Structure formats: C-alpha cells, structure tokens
Amino acid sequence: MNYKNPFLETAQNIGTKLCQQSFWYDSKCNWMGRTLDDITTSGSISCKALSPDIYDGTSGIALFLANLYVCDNMKNDEYRKTSEGAINQSLSRIDDIPQISQFSFYSGQIGIAYAAAVIGKELCNQKLVEDALQIIQRLNKDTQKKYSLDLLSGIAGAILALLKIYEISDKKIALKLAIEFGNELISTSIKESIGWSWDYKSNGIQSATHNLTGFSHGAAGIGYALLELCNVTGKVEFCEAAKHAFQYENHWFSKQNKNWPDFRLDDQNINSKQERDLKFAVAWCHGAPGISLSRLRAYQILKDEIYLQDIQAAIHTTTSIVKELDIENKYQNFSLCHGFSGIGEILLHLGKNLNDNECKSLAIEIGKHGIKKYANQGIPWPCDVRVGEMLGLMTGIAGIGNFYLRLWCSNKISSPLVIEPSNNLLLRMPLEQ
C-alpha cells in the first residue's frame, strides 16, 4: 500500500506551492504577496515583495522550508534550495529593518540572525551560522541601542533568539547580549504590589486601560524570556522577575472567563475604561493559549503547583474554542499568530509536554478540519478577513504548513511559537566582566 500521511502531504503541498511561486535573482529568492500592512487607507489591498523578517517575511518562510526538508523522507532538494535562497534574501535586505526593530525577534535583525543560525545548523551550512554571528557582533557594538521590550517586537524575544544562537554557536557574545537585555527588562519594569509589568507604550501599543497581559506584548512573554535566561545562567534574579510578571497577570485573571484580559483599546472603545468592557482573546498573541506557554515553562523550571493551576484554566479556555470549528458561516482565521493553527500548535505542545492525550487529540482534530474544509476543497487558507490568504510564517500559509509538519514530526522540529533552548544548555564559560 502506498500510503501518505495527510498531515505531511498538506505540508508538502504548501511547501511546493511556495517553491513554485518564488522569484529568483542569483542565489536569492522572494515572493510577491499581501500582508496586514498592505491595507491602504482607502481599503484596497496591495501586493508587494515580502520583507526580510520572520513574522511575515522571507526568513519565516525559509524556516518552514528548512523544517520541511528535514522532515521530508524524500529530502526534496527544492525545499533546501528555496530555504537557502529565502534566507540569503533576508540577509541581503537586513538594513531595511527600521532601527527600533533591530533587536526584535519576529520583526527584526536578531530574528533574521536566529533564522540563519537555525537553518545553517539544519542544512549543515556553516556560512549561515557565521552570518548570524556577524549580525550579533554588529548589534552588540551599537552604543545607541533603541528597542521595544516585549516578546513579539522587543528584547524579550531577542533574549530567546540569542540563547538559541549561543546554543548553536557556543559564542559567548550572544549570551552576554541576552544577559544585558535581561537586566534591562528588570530595570524598566514597573514594580507594584500586584506584580511587575512593562509600559505598553514602549511596545508600540497606542492605548490600553492597563499594562498588558499576554504572550506577544505582555507580561507572560517577558516572564517567559526571563525564565529561560535564568535556566541558562542560574541567575535567580531573572526567575524572581518572571514570578513577579506572572503575579501581575494573575492579579487580573477572570475566574468567570477563565482567561486573562486584553487591555488594548481600539478605535471603537478607546474612551472605555470600565472592567465590564474588557476583551478576552483566545490566541497565541493574546489570551489564555499563549499565556499557557509561559506557565508550562514556569511549572517545568520552578516546580510550583500554582502554575499548573494556571495551565489547567488556560487549557479549559483554549479547548473550548475548538468547538467553533464546526460553526458554519463564521469566518475562521487559520494562521499561527491569531488563528486555529496557532491554537492547534499550542495544544500539541501542551499535550506533548504534559502527556495530555486530550490536547493532542484536539490538535489533530484541528488539523483534520483544515484539510477537509480548505485543502481538499481547493479553498484558500483563511489568514485575515480583510486580506485573505497570505504567505508568511506567523500570518500565512508557511506557518500553517509548519503546523501540519509538526503534527507529522514534532520530535524533529520546534514550534515557532515557543523558542526553547535545550534543557541541557548551561553557561559553559565564564563571562568577561
């Protein structure tokens, strides 16, 4: 019997589509596509060459294609070739990144360095690892550092990327910069009796009722990064700071909603300051699913049962949204950042780490639903109601493909939603004073 796993086949179909749609010049390739930034003031949508970043640009697509090459039993050379072409494109356009985003993981130069290092390791391309280190060396010399603070766009995400680069390269310059950023997060925290938080305006959020909870822009993501830094360095002040971040979030936890509020204000409720008007998101970026990733790591490292309680509440809220899969005539975003593949990815991660078969089963259910409703019907994958199908990792089909690939071989590749340095990673050399 010639049986092909439907999850692997879905990932391969997306990977093949990306390879076929790429535009080449010398050793570099790019794509023409739409992003959330392409919606004009008149409401029309433009199409342009992708940016070099991980979030919805060429380095994110490069990561997916490298993962696909690693997991593909046939080792399709088009995946390897296009992955290297995409990361070469990102490296060639790294100066396009705005200065405020240089130190960002998902939208900045450190993210491109991370992608180059990981792809270099996976594809045995040492030059890419060296390119990554050159970026870190250049950024380390920047004496006028400007940056945001959170995991999505700031130095919290940079810490995770730097720890991974340190693991791959064994170069202490990456670790030293990570520690510098960890100290900066501690010094910039707003310390209150209810816990520690970070000024939402420093992360590009225009208006909010309070400093944010959540994984992408809030205390959960920053606490997660500080935990990983503590786990590598043994510096307890980073763990203590993470505990204070989670304390702040849990102060706002809603028992009724079994969720943490999203304090951002949009144009419709910008004048609202009432608790009853709070929103409760259910996605990786905001709300219980993403927050569960921080509490899982806290439980693994700190062994405190309070975080297990948080995880259980988050799982309840996360699994409840899976029921909406079968609601007809309801728009369903399937992206990693704020859609169903992100929910599935998180459930898969929780199920694997907690040995929770229900979480694993629900992740598989989401995967099967996507194949039945979109892949088998030839319907474009829904990525944003305004833009439609997009190409990138966090907002488009590259991330959806990576989710299906993880359903097939999660033991071989990591999730782009939760960057975990190895548990065996320790401080291997003394740092210079």
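Is Cys-71 buried or exposed? Cys-71 is buried, with a relative accessible area of 1%; here buried means under 20% relative accessible area, exposed means over 50%, and partly exposed is in between (1.4 Å probe, protein chains only). Before we go further, please note that this is a predicted model, in which local features need pLDDT of at least 70 and side-chain atom pairs count only at pLDDT 80 or more, while totals for chains, interfaces and linings use all residues. Residues are numbered from 1 along each chain as its sequence is written, and side-chain values use heavy atoms, with hydrogens and water left out.

Let us stay with the cysteines. A disulfide is a covalent bond between the sulfur atoms of two cysteines. Counting a disulfide as a pair of cysteine sulfur atoms within 2.5 Å, a search of the whole structure finds two. Cys-71 is bonded to Cys-409, with 2.1 Å between their sulfur atoms. Cys-71 lies in helix α2 and Cys-409 in helix α14, so the bond ties together parts that are 338 residues apart in sequence. (Helices are DSSP runs of H or I with at least four residues, numbered from the N terminus.) Cys-409 also counts as buried, at 5% relative accessibility. The link of Cys-71 and Cys-409 is right-handed, with 95° about the S-S bond.

The other bond joins Cys-230 and Cys-239, whose sulfur atoms are 2.4 Å apart. The disulfide of Cys-230 and Cys-239 is left-handed, because the torsion about its S-S bond is about -100°. Cys-230 counts as buried at 9% relative accessibility, and Cys-239 counts as buried at 7%. With bonded cysteines counted along the chain, the disulfides follow the pattern 1-4, 2-3. Cys-285, by contrast, is in no disulfide; its nearest cysteine sulfur belongs to Cys-337. Cys-285 counts as buried at 10% relative accessibility, and Cys-337 counts as buried at 3%.

Now for the charged side chains. Side chains of opposite charge can pair when their charged atoms come close. The whole structure holds 13 salt bridges, each one a side-chain nitrogen of Lys or Arg within 4 Å of a carboxyl oxygen of Asp or Glu. One of them pairs Glu-389 with Lys-17, where the closest N and O atoms are 2.6 Å apart. This pair links distant parts of the chain, 372 residues apart: Glu-389 sits in the loop between α13 (357-375) and α14, and Lys-17 in helix α1 (residues 6-21). Glu-389 counts as buried at 16% relative accessibility, whereas Lys-17 counts as partly exposed at 30%.

Arg-295 is in helix α10 and Glu-249 in helix α9 (residues 236-251), 46 residues apart. Both Arg-295 and Glu-249 are buried.

A local pair can be found in helix α3 (residues 77-92), where Arg-80 and Asp-77 lie three residues apart, about one turn of the helix. The closest N and O atoms of Arg-80 and Asp-77 are 2.6 Å apart. Arg-80 counts as partly exposed at 22% relative accessibility, and Asp-77 counts as partly exposed at 40%. Together with Glu-84, Asp-77 and Arg-80 are linked in a network of salt bridges.

On a 1 Å grid over the protein atoms alone, a cavity is a set of points where a 1.4 Å probe fits but cannot get out, and a pocket is an open set with protein on both sides within 12 Å along at least five of seven lines; lining residues have an atom within 4 Å of a point. Grid points are joined across faces, edges and corners, and a volume is the space filled by probe spheres set on the points.

The second largest pocket has a volume of about 630 Å³. Its lining has 30 residues, and the closest to its centre are Lys-164, Ile-413, Ser-414, Ser-415 and Glu-420. Helix α4 supplies the largest share of this lining, four residues. The helices that each give at least two residues include α2 (58-71) and α14 (397-409).
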